[in-house]
Amino acid sequence: MGISPRNTEEKAIEKAVALKGAEADHSDFGTRRRFSFDIQDKVVECLQKYSGAYFKGTSNVYLAMKYDTTPIGTMPHEWFMFHGSMFGYRSANMKSLEAWVDVYQGSLGITLTDTYTTDSFLQTFSLKQAKLFDGVRWDSGDPLEFTDKIIRFYKENRIDPLSKTIVYSDSLNVDKVKEIKQYVNGRIHDAYGIGTYFTNDVGANPINMVIKLTEVKMRTGSPYQYAVKLSDVPGKHTGEPEEIELVKWALDIQESET
């Protein structure tokens, strides 16, 4: 029997009011696992109306146009995966960021950190790049540990954390946003990209959809090369096991046996 969504508007309003009350900047990141377009449409409408200035936009470009809000998002893991596969894993993060700047010229300035683990990313996150990019995005692992790690990195590089942003975006709901915000406690600008909780809170089991590169090539006729991603959560890597082990060896990534 199919699910007939109910109380969509009421739930969206309740969440919008709660996030506004928590003074949490938030955006809709819910296109990928939404229940339907109509649900996402209604959610964005309610967020814009009831969240006030704390609603910062949606990653759905059409809905951003429809509701005259900001089309908002961050760079994908696939960008790093391509550069790692083509140019080597030790230089992947730096080359990816340089290429991103060449394309977007300073726009879309929130970078992911966890394609080959955040610790590895920070080792090659140059001072120039750290100053140029507006901030970073948390997408795996412990958000509180990530917060401390990023704030420490900025301070060690003589960058005021209050001039930077962390966008939190993994499996968020109102309670988790409040927990993170309380922990951040004004030490850095925090913002929240919320997906499934906004657009598939109808009683259905969201599709556990992961879209990642598996192989890439530079041009027609070139051989394909494996592409992999290493999460900040051990065991949640994607790609060929042999290539994953190659990345771990190249970047000297040690994982506990748990």
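**Pockets, a sheet and a helix pair**

Student: Which element gives the most to the lining of the second largest pocket?

Tutor: This is a predicted model, where local features need pLDDT of at least 70, side-chain atom pairs count only at pLDDT 80 or more, and totals for chains, interfaces and linings use all residues. Residues are numbered from 1 along each chain as its sequence is written, and side-chain values use heavy atoms, leaving out hydrogens and water. A helix is a DSSP run of H or I with at least four residues, a strand a run of E with at least two, numbered from the N terminus. With four residues in that lining, the top contributor is α6.

Student: Which residues are closest to the centre of the second largest pocket?

Tutor: This pocket holds about 420 Å³ of space. A pocket is an open set of points on a 1 Å grid where a 1.4 Å probe fits, with protein on both sides within 12 Å along at least five of seven lines, and lining residues have an atom within 4 Å of a point. Of its 21 lining residues, the closest to the centre are Thr117, Thr118, Asp119, Lys149 and Asp232.

Student: And how many charged residues are in the lining of the largest pocket?

Tutor: Here the space is about 1300 Å³, and among the residues closest to the centre are Arg32, Asp139 and Lys212. Asp, Glu, Lys and Arg count as charged. Besides 14 nonpolar and 16 polar residues, the charged ones in this lining number ten.

Student: Which are the edge strands of the sheet?

Tutor: Follow the open sheet of six strands in the order β2-β1-β6-β5-β4-β3, with parallel pairing. Two strands pair if DSSP finds at least two bridges between them; β1 and β6, for instance, have four. The strands that pair on one side only are β2 (55–58) and β3 (110–112).

Student: Which strands does α9 touch as it packs on the sheet?

Tutor: Axes are lines fitted to C-alpha atoms, and angles run from 0 to 180 degrees between N-to-C directions. The direction of α9 makes about 165 degrees with that of β6.

Student: Which residues of α9 make the contact with α1?

Tutor: The axes of α1 and α9 come within 10 Å and cross at roughly 5 degrees, so α1 is roughly parallel to α9 (angles under 35 degrees count as such). Contact means heavy atoms within 4.5 Å. Lys15, Ala18 and Leu19 of α1 meet, from α9, Val174, Val177 and Lys178.

Technical notes. Parallel < 35°, antiparallel > 145°, perpendicular 65-115°, else oblique. Points joined across faces, edges and corners; volume = space filled by probe spheres on them.
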